[in-house]
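The structure comes first, then the terms and the contacts.

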Amino acid sequence: ASPVLLLGLIYAEILVALRAEMDEIAGAFIAVSFYHWEVGAPFLVLIALRMYYEKRTRVFAGFFMASLILLVVSFMAYPNWLVPFFRATINNIKVDFGFNVHSIFTRIWPTFGGTLAWLFIGLLVVALGYEWSAARSGDFRRFYWAACLSLAAAPLLGFRTEMENLAVLIIPLALIFAIVHDRWYKIGNFLTILLMLLVLTLPWAVYLFAVPRFGILAEEGLFLFLPLFTFIGLYW
């Protein structure tokens with residue numbers, strides 16, 4: 001139903017390929033993921049920083065080789081696609097559609113919501129910068145955790161995004177569920193199922209009962225739920 005579902009699979013394949021040291025394949029997957037780059041831009045930036053620090057040039061080689069092949073094929077199929085693509089990208093940034101932290105905070109707190117939103121985004125950027133610095137030279141588990149954090153933080157950085165783009169959060173949610181299961185091994189299955197039901201049923205309950213009554217406010221709360229839940233869960 002959405003190309004974001006395929007994008008989540010591509011992000012998972014990138015992480016699997018990097019762990020298996022299949023660098024050229026990882027680079028090729030990164031190139032393919034650029035068809036919807038705004039969904040996971042922080043995730044891709046972290047990968048680029050990590051690969052540059054580790055001097056894994058084969059990742060960049062795979063990226064540029066795959067990009068060149070895709071560009072040649074695309075220009076053969078549709079020679080004039082570049083200008084409409086950039087125009088559509090700019091329009092997506094400017095258009096008053098979707099959700100972002102600034103508009104949500106302004107609607108909730110009309111007087112100081114804008115300032116609070118910038119403060120929130122600034123703190124989030126500082127946190128990401130610190131975690132990226134630590135993950136740049138850490139082991140793969142630390143890098144994987146920071147990659148999940150980057151996916152969770154992307155919808156909260158102030159850029160307008162759509163509800164369907166939150167589908168990629170299945171990757172960090174899987175990490176949270178796995179840790180819950182392993183930490184409390186006696187009741188791990190029960191707690192994991194309980195958390196999964198919470199993540200699945202609470203948004204549906206808000207959509208079915210709160211959105212018809214409260215309108216845009218309920219939709220914005222629904223949008224914030226998954227990123228905030230994932231972000232807090234990862235730090236837990």
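Axes are lines fitted to C-alpha atoms, for helices over the stretch in contact, and angles run from 0 to 180 degrees between N-to-C directions. Helices are DSSP runs of H or I with at least four residues, numbered from the N terminus. This is a predicted model, in which local features need pLDDT of at least 70, side-chain atom pairs count only at pLDDT 80 or more, and totals for chains, interfaces and linings use all residues. Residues are numbered from 1 along each chain as its sequence is written, and side-chain values use heavy atoms, with hydrogens and water left out.

**α10 and α11**
- Helix α10 (residues 188–214) and helix α11 (residues 216–235) cross at roughly 165°, and their axes come within 8 Å.
- The two helices α10 and α11 are therefore roughly antiparallel (an angle over 145 degrees).
- The crossing of α10 past α11 is right-handed (the near helix is turned clockwise from the far one by less than a right angle).
- In contact (heavy atoms within 4.5 Å), α10 contributes residues including Leu195, Leu202, Tyr207 and Phe214, and α11 contributes residues including Ile216, Glu219, Phe225 and Phe229.
- This contact of α10 with α11 has 17 nonpolar residues, no polar ones and 1 charged (nonpolar is Ala, Val, Leu, Ile, Met, Phe, Trp, Tyr, Cys and Pro; charged is Asp, Glu, Lys and Arg; the others, Gly among them, are polar).

**α9 and α11**
- Helix α9 (residues 170–183) packs on α11 at about 45°, with the axes 10 Å apart.
- Pro172, Leu173, Leu175 and Ile176 of α9 meet Leu226, Phe229, Thr230, Gly233 and Leu234 of α11.
- The contact of α9 with α11 comprises 7 nonpolar, 2 polar and no charged residues.

Conventions: Parallel < 35°, antiparallel > 145°, perpendicular 65-115°, else oblique.
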